[in-house]
Amino acid sequence: MELYERSAAQLGKMLRAKECSAVEIAQAINDRIVAVEDKVEAYITLAGDQALEQARAVDAKIAAGENLAPLAGIPIGIKDNICTKGVLTTCASKMLYNFEPPYNATVVDKLLKQNIVCTGKLNMDEFAMGSTCENSYFKKTKNPHDLDYVPGGSSGGSAAAVAAGEAVLALGSDTGGSIREPASYCGIVGLKPTYGSVSRYGLVAFASSLDQIGPMGRTVEDVAMLYSAICGHDPMDATSVHRDYPDFASGMKDDLKGITVGIPKEYYGPGVDEEVKKAVMDGAKMLESCGAVLKEISLPSTDYALSAYYIISSAEASSNLARYDGVKYGYRCENFDSLTDMYEKTRSEGFGDEVKRRIMLGTFVLSSGYFDAYYKRAKLLQKQIADEFAQAFKGCDVILTPTSPSTAFKLGECTDDPLKMYAADICTVTVNIAGLPAISLPCGKGANGLPIGMQLIGSKMSEATLLSTAHCYEKAVGGFGPVPKLV
Amino acid sequence: MEYEVVVGLEVHAELSTKTKIYCSCKNSFGSEVNSNCCPVCTGMPGTLPTLNEKVVEYAVRMGHALNCSINRICKQDRKNYFYPDLPKAYQISQFDIPLCEHGYLDVILDEQGNTKRIGVTRIHIEEDAGKLIHEDRFSGSLVDLNRCGVPLIEIVSEPDMRSSAEAKAYLDTIRSILQYLDISDCKMQEGSIRCDVNVSVHPKGSDKFGTRCEMKNVNSFSAAVRAIDYEANRQIELLEAGGTVQQETRRWDDMRGQSYVMRSKEDAQDYRYFPEPDLLTIVLEEEYVKQLKNSIPELPNAKIKRYMTDYALPHFDANLLAENLDKAELFEEAVHIGGCQPKNLSNWILGDISRILNEKNIQLQDTKLTAQKLTDMVKLIEKGTISNTSGKTVIEVIMFEDKSPEKVVKEKNLAQISDTSALDAIVQEVLANNPKPIEDYKKGKTNVLGFLVGQCMKASKGQGNPAILKELIERFIQEA
């Protein structure tokens with residue numbers, strides 16, 4: 001097995017046993033990037049030299065006998081909406097094509113302190129708006145399982161890099177499914193943590209009340225390790241939660257005795273492909289065989305979730321993205337004859353179509369005369385959806401649903417049909433609206449040979465249970481399959 | 001036709017907290033351009049605000065001082081608009097649930113201390129924006145972001161004022177309360193208090209208000225008076241000429257003494273307020289709010305009334321003393337030591353002491369004057385040991401040297417001469433040199449006596465006891 005195919009947990013053990021060096025690992029990832037990146041196109045900015053430097057520092061620490069964090073020396077890619085000091089952070093937008101933040105996101109500081117090796121900045125849908133990664137200003141990332149297909153989005157670069165072995169782990173961000181959906185399309189594991197458990201400081205905001213940074217990896221254990229490394233209260237983020245966080249990677253159980261899995265019928269409706277339903281139900285049976293009890297439940301407000309999500313997220317986005325005005329940083333149009341003209345041209349030229357669509361939608365729903373009919377009602381619905389989940393969790397420990405109604409789209413399939421793309425979020429948005437944690441796991445393949453994902457949803461701060469359940473499933477199915485060859 | 005003027009005011013006061021409202025930058029004025037700001041207050045991508053709790057404390061104290069009810073659960077909202085001095089393109093403010101609301105302020109309007117109650121609609125917290133700088137050497141505008149994130153409270157009044165004088169009294173009282181609470185520097189020239197003025201007029205006797213205009217860019221309280229008077233006249237002239245007042249926002253140009261239309265009602269901006277998702281709901285414990293209420297000191301109006309009733313000071317004196325806490329404290333301490341007339345203490349504080357402070361451009365705490373020294377000196381005057389004129393010499397010394405008034409009197413030989421034998425010669429000489437006034441006096445013009453006493457005081461170098469001099473003069477003239 002090549003080094004780039006190994007998990008973070010395995011590589012960590014090898015490093016400590018001195019079976020390989022951090023530089024060898026970093027070099028293996030760099031070589032893999034050289035071999036497949038022109039096919040996959042996962043990265044916007046590569047940091048190969050810096051990665052080797054960081055790896056050398058880790059080797060020096062190992063040689064000096066220093067105690068290292070579990071992820072020390074592990075090559076990790078970072079989604080390009082997470083600020084990295086002095087390194088381009090573009091949000092895959094022309095608007096920030098030249099933006100180098102003078103600060104690190106809190107999660108980046110945390111990881112650097114734990115001596116991780118940063119492979120570079122990963123492609124995404126512009127400002128995290130999209131489900132295919134095709135809304136990037138720079139490039140279209142491909143699905144490593146079939147290069148004619150999208151990797152999903154918006155954390156498409158993160159999912160593709162991890163799936164292709166171009167990074168061992170990656171950070172993504174999830175506002176309505178942006179970690180889970182690409183994880184599902186690319187056949188990897190992605191966790192959207194409880195809102196408030198990972199600091200948002202330095203995550204370029206899309207929808208502040210829904211955004212959450214989370215880990216993506218090829219095994220549940222790896223995802224648990226990365227989650228442990230980034231969670232925790234941050235005084236720089238007023239919405240981050242004070243609580244004790246366990247070491248998630250070491251606390252995982254071996255069976256699912258005492259676990260009740262809720263199956264909400266609303267998530268298996270006519271909009272979901274039959275092959276997806278079947279794969280997820282097979283997953284349910286596998287959970288049952290590990291000792292879990294299955295229970296049909298109902299979450300009746302699910303049908304309204306997509307509308308509520310697009311209203312709330314677009315409203316917040318219209319405000320969050322107003323700061324890109326050409327005044328202080330980023331793109332500014334070349335010729336203008338007044339301040340208003342400069343604003344209009346800068347924003348017309350700097351943003352892509354999907355971003356503009358959402359800014360217009362958000363501006364509309366916040367406008368005087370429409371606020372009550374849209375934003376206010378969406379917020380009421382948000383509360384109703386959250387209450388329904390809270391009620392459901394009185395009768396079950398986790399809820400099992402498909403991650404996406406289908407396998408990955410073909411490239412270009414929804415470029416002209418935004419509503420079709422929005423519908424792909426149907427199973428994931430409720431989780432963000434209710435602020436819950438959820439994990440996507442591979443559960444088989446479709447007729448086209450592309451991965452299918454299933455989603456486990458937990459109550460707030462129940463990541464330990466989620467990860468434990470996911471880990472049992474992974475062991476029961478004998479792992480999630482190899483990294484595609486691509487060469 | 002006679003018209004009634006209706007005025008409502010929105011006062012923005014910068015709070016003097018150590019740090020800014022949402023980041024840890026120093027809250028200070030006068031730093032080098034764009035040197036006192038950080039990624040948070042300049043709204044860089046990915047940064048987040050965290051609320052400075054001191055700002056809430058200061059605002060709640062102001063709320064208590066203005067008799068408001070405090071919303072112990074309230075939120076912050078985003079006010080969205082584009083302008084280069086607003087780097088996030090939204091201002092974090094409070095929309096439908098302000099921290100404080102439904103208050104009032106009693107404003108003293110006349111010499112008798114009669115008051116009028118002005119309603120306070122609300123007080124909310126918000127962040128200040130940066131500043132645009134225009135320089136000749138540069139064709140566009142430059143932006144200074146140092147002021148971004150400076151904490152502000154906005155105090156909104158009801159349209160309860162009926163003249164510019166009432167508005168001025170309201171503004172002066174607001175300022176002195178801010179000073180009493182020590183929550184704002186109140187430096188007009190640094191823009192730490194600004195106000196927007198709403199004016200309408202209607203025929204006297206009618207209970208229906210006219211259409212109002214809002215004036216922005218009013219940068220001093222005296223400018224507010226000018227702006228209100230100008231606007232009231234403009235509207236009255238418009239109505240008299242058969243026109244109607246349009247609801248609009250106008251910009252006050254204090255240099256020209258005129259206002260100009262900024263935007264009409266149709267162009268009113270839609271700020272698309274919505275709850276700020278990056279900040280948590282503000283929740284204040286009842287006990288904490290009570291504690292802040294108990295921390296409110298005696299406020300200027302109460303002080304003025306107390307000085308008028310307890311110490312029989314005229315409104316003029318009471319008002320001037322209350323306007324400056326240092327002076328009020330000196331006065332009260334001196335009164336407390338006792339042994340002299342409060343009015344005499346007030347005269348010295350508001351007279352020579354204030355004059356000296358002004359001349360030297362210093363504060364009371366920059367001097368060596370104590371309440372004890374002041375009462376000791378006034379007692380010497382009241383007992384007749386020194387004259388009022390000698391007091392002027394004494395005060396100059398005791399304000400800046402560690403000497404008691406008695407010592408100064410001794411050193412400078414200022415003791416008043418009450419010994420008639422010592423004063424005889426002086427009186428005789430003055431009378432000999434002034435035959436005309438003596439004639440006048442004899443004809444019944446007794447007011448020349450003052451002139452003659454003055455001449456004798458002059459001749460005695462201020463040391464003659466004027467009462468005794470007066471007695472001697474009268475006796476000599478009658479004996480002559």
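Predicted model: local features only at pLDDT ≥ 70, side-chain atom pairs only at ≥ 80, totals over all residues.
**Exercise 1. One residue in chain A**

Task: Is Ser158(A) buried or exposed, and which residues does Ser158(A) touch beyond four places away in sequence?

Solution. 
- Step 1: Locate the residue. Ser158(A) sits in helix α5 of chain A, which covers residues 156-164.
- Step 2: Count the surroundings. Ser158(A) has 40 other C-beta atoms within 10 Å, and the cut-off for burial is 20 or more, so Ser158(A) is buried.
- Step 3: List the partners. Leaving out residues up to four places away in sequence, Ser158(A) touches Gly77(A), Lys79(A), Leu122(A), Ala170(A), Leu171(A), Gly172(A), Pro182(A) and Met216(A).
- Step 4: Look at one more pair. Between Ser158(A) and Ile179(A) there are 8.4 Å from C-alpha to C-alpha, with the two residues 21 apart in sequence.

**Exercise 2. Overall form of chain B**

Task: What radius of gyration does chain B have, and what would a compact globule of 480 residues have?

Solution. 
- Step 1: Put the two values side by side. Chain B has 29 Å, whereas a compact globule of 480 residues would have a value near 23 Å.
- Step 2: Consult the spans. Along its principal axes, the C-alpha trace of chain B covers about 95 × 55 × 55 Å.
- Step 3: Buried residues are 41% of the 480 in chain B, and 70% of the contacts with a separation of 6 or more link residues 24 or more positions apart.
- Step 4: Look at the domains. The assignment for chain B lists domain 1 (3-292), domain 2 (300-411) and domain 3 (420-479).
- Step 5: Take the first two of these. The centres of domain 1 and domain 2 of chain B, over C-alpha atoms, are separated by 37 Å.
- Step 6: See where they meet. In chain B, 10 residues of domain 1 contact eight residues of domain 2. On the domain 1 side, β6 and α2 (164-181) of chain B each supply at least two residues, and α2(B) has the largest share, with five residues. This side of domain 1 of chain B divides into three nonpolar, five polar and two charged residues.

**Exercise 3. Strands of chain B**

Task: In what order do the nine strands of the open sheet in chain B run, and which are the edge strands?

Solution. 
- Step 1: Begin with the inventory. Chain B has 15 helices and 16 strands.
- Step 2: Trace the sheet. The order in chain B is β2-β6-β7-β10-β1-β11-β12-β13-β14, with mixed pairing.
- Step 3: Find the edges. β2 (69-70) and β14 (258-264) of chain B pair on one side only.
- Step 4: Zoom in on one pair. β11 (193-203) and β12 (213-218) of chain B are antiparallel, with four bridges; here Val199(B) faces Cys213(B) in β12(B).
- Step 5: Place the helix. α1 (53-65) of chain B lies across β2, β6, β7 and β10 of chain B, at about 170 degrees to β7(B).
- Step 6: Visit another pair. β4 (77-80) of chain B runs antiparallel to β5(B), joined by four bridges, and Arg78(B) is opposite Ile92(B) in β5(B).

**Exercise 4. Where the chains meet**

Task: How many residues does each chain bring to the contact?

Solution. 
- Step 1: Count both sides. Chain A brings 35 residues and chain B brings 25 residues.
- Step 2: Identify the elements. α9 (302-320), α10 (339-350) and α11 (353-366) of chain A each provide at least two residues of the side that touches chain B. α9(A) gives the most, three residues.
- Step 3: Sort by class. The chain A side has 21 nonpolar, eight polar and six charged residues.

Note on methods. Residues numbered from 1 in each chain as written. Chains lettered and ligands numbered in written order. Contact = placed C-beta atoms within 7 Å. Nonpolar A, V, L, I, M, F, W, Y, C, P; charged D, E, K, R; others polar. Rg over C-alpha atoms; globule rule 2.2 N^0.38 Å. Buried ≥ 20, exposed ≤ 12 C-beta atoms within 10 Å, placed from the backbone. Pairing = 2+ DSSP bridges. Axes fitted to C-alpha atoms, helices over the stretch in contact; angles between N-to-C directions. Domains from an automatic or database assignment.
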